[in-house]
Amino acid sequence: MSLQVPKPSNGNSKKHNNRPIAVFSDFDGTIFHQDTGHVLFDKYGCGQEKREELDGSIGDTRSFREASELMWGSLTVSLDEALELLKKDLVLDDHFKPFLDFCDEQNIPFSVISAGLQPLLRGALDQFLGKERSSKINIVSNDAEIDGSNWKPLWRHDCELGHDKARSINEMKETVFDGAQPLTVFVGDGVSDLAAANHADILFARRGLKLEKYCIKNKIPYIPYDTFEDVQVELERMINAQKEDEQDNRNATANIPKNPVSGRPIALRTVSENSVPNSVLI
Ligand SMILES: [Mg+2]
């Protein structure tokens, strides 16, 4: 796992208010409509009823991490079999691939930031995008020790969520873009995104789900979305607004009278009558 976000390849990344944009996206329920863990637990683990009971205990009698350990520990399936099931049952957001293309065209780095397990996330991206395209996506997540059909999550951070997404975002802010602070855009949907919600510069919350409800309750500014197309439209609007600002600045500079010899702008000064010698006043 790497915290390093790929740097823009041509050094010409898109800027918003002079800050380069970096997109971070949750995985389960955001890039894919389902949760990779839920799909597996229901078929090869504790089953839907027990999984919902454990889910319901989060924040009450168990932490997210404690409940998750019980769910992952209930699996009796190999990684290959798990990936086969995911290939069959997961549904990719219809506009995710075009959104990735958009990020490539605009030279905006894109990273997955997830409470899931690295081997499943990478395996699912390999299957749905192809290995070459998948390999260009940085994944920041928990890892896993999978011994045959025994699964043990290896948590990224020693905290109740297992992966403190806010901490990862802040760590990445300090390591990317040669000291310039990127404008962080986070796209998410659920409980594991709550910590990140307070730390992203621009937050997209999937309409009608827990992250949006949390934002409304806690008065956190966010932009609702249904698919990655909505995210793309909003980012395009921001980028176009930035271009217009830059054009306005160029136009303002172009209208300043220039020295015909040096081509440099002539500094315009205002003077008061008091600063002019009496001899030149009529
Ligand atoms: Mg999610």
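User: In which loop is Lys219 found?

Analyst: A caution applies to every answer here, since the model is a predicted one. Phi of Lys219 is near 55°, a positive value in a residue other than glycine. Lys219 is found in the loop between helix 10 (210-217) and strand 8 (223-225).

User: Where does Asn107 lie, and what is its phi near?

Analyst: Most residues other than glycine have a negative phi. Asn107, which lies in the loop between helix 5 and strand 3 (110-117), counts as partly exposed because it has 16 C-beta neighbours inside 10 Å. Its phi is positive although the residue is not glycine, with a value near 60°.

User: How are the axes of helix 5 and helix 11 oriented to each other?

Analyst: Two packed helices are described by the angle between their axes and the distance between the axes. For helix 5 (residues 96-105) and helix 11 (residues 228-254), the axes come within 8 Å and cross at roughly 25°. Angles under 35 degrees count as roughly parallel, so helix 5 is, in relation to helix 11, roughly parallel.

User: Which residues make the contact of helix 5 with helix 11, and how many of them are nonpolar?

Analyst: Helix 5 passes helix 11 in a left-handed crossing. From helix 5 the contact draws on Phe96, Phe99 and Phe102, while helix 11 supplies Phe228, Val231 and Gln232. By class, this contact has no charged residues and 1 polar residue, and the number of nonpolar residues is 5.

User: How do helix 4 and helix 6 cross, and which residues meet there?

Analyst: The axes of helix 4 (residues 79-89) and helix 6 come within 10 Å and cross at roughly 50°, which makes helix 4 oblique to helix 6. Helix 4 passes helix 6 in a right-handed crossing. The residues that meet are Leu79, Ala82, Leu83, Leu86 and Lys87 in helix 4 and Pro119, Leu120, Gly123, Ala124 and Gln127 in helix 6.

User: Leaving aside neighbours within four places in sequence, with which residues is Gln127 in contact?

Analyst: Gln127 has its place in helix 6 (residues 118-129) and is partly exposed, with 17 other C-beta atoms within 10 Å. Gln127 and Lys87 are 40 residues apart in sequence, yet their C-alpha atoms are 6.8 Å apart in space. With neighbours up to four places away in sequence left aside, the contacts of Gln127 are Leu83 and Lys87.

User: On which side of helix 3 are the buried residues, and what covers them?

Analyst: In helix 3 (residues 64-73), the buried residues are Ala67, Ser68, Met71 and Trp72. They cover an arc of only 130° around the axis, so they are on the same side of helix 3. What covers them includes helix 1 (36-44), helix 2 (48-57) and strand 5 (150-154).

User: Which residues does Arg65 touch, not counting those up to four places away in sequence?

Analyst: Arg65 lies in helix 3 and counts as partly exposed, with 19 C-beta neighbours inside 10 Å. Arg65 and Pro153 are 88 residues apart in sequence and 9.4 Å apart in space, C-alpha to C-alpha. Beyond four places in sequence, Arg65 touches Trp155, Glu160, Leu161 and Gly162.

Definitions and conventions:
Residues are numbered from 1 along each chain as its sequence is written. This is a predicted model: local features need pLDDT of at least 70, side-chain atom pairs count only at pLDDT 80 or more; totals for chains, interfaces and linings use all residues. A residue is buried if 20 or more other C-beta atoms lie within 10 Å of its own, exposed if 12 or fewer, and partly exposed in between; C-beta atoms are placed from the backbone. Helices (H or I, at least four residues) and strands (E, at least two) are DSSP runs, numbered from the N terminus. The arc is that of the directions from the helix axis to the C-beta atoms. Two residues are in contact if their C-beta atoms, placed from the backbone, lie within 7 Å. Axes are lines fitted to C-alpha atoms, for helices over the stretch in contact, and angles run from 0 to 180 degrees between N-to-C directions. Angles under 35 degrees count as roughly parallel, over 145 as roughly antiparallel, 65 to 115 as roughly perpendicular and the rest as oblique. A crossing is left-handed if the near helix is turned anticlockwise from the far one by less than a right angle, and right-handed if clockwise. Ala, Val, Leu, Ile, Met, Phe, Trp, Tyr, Cys and Pro count as nonpolar, Asp, Glu, Lys and Arg as charged, and the others, Gly among them, as polar.
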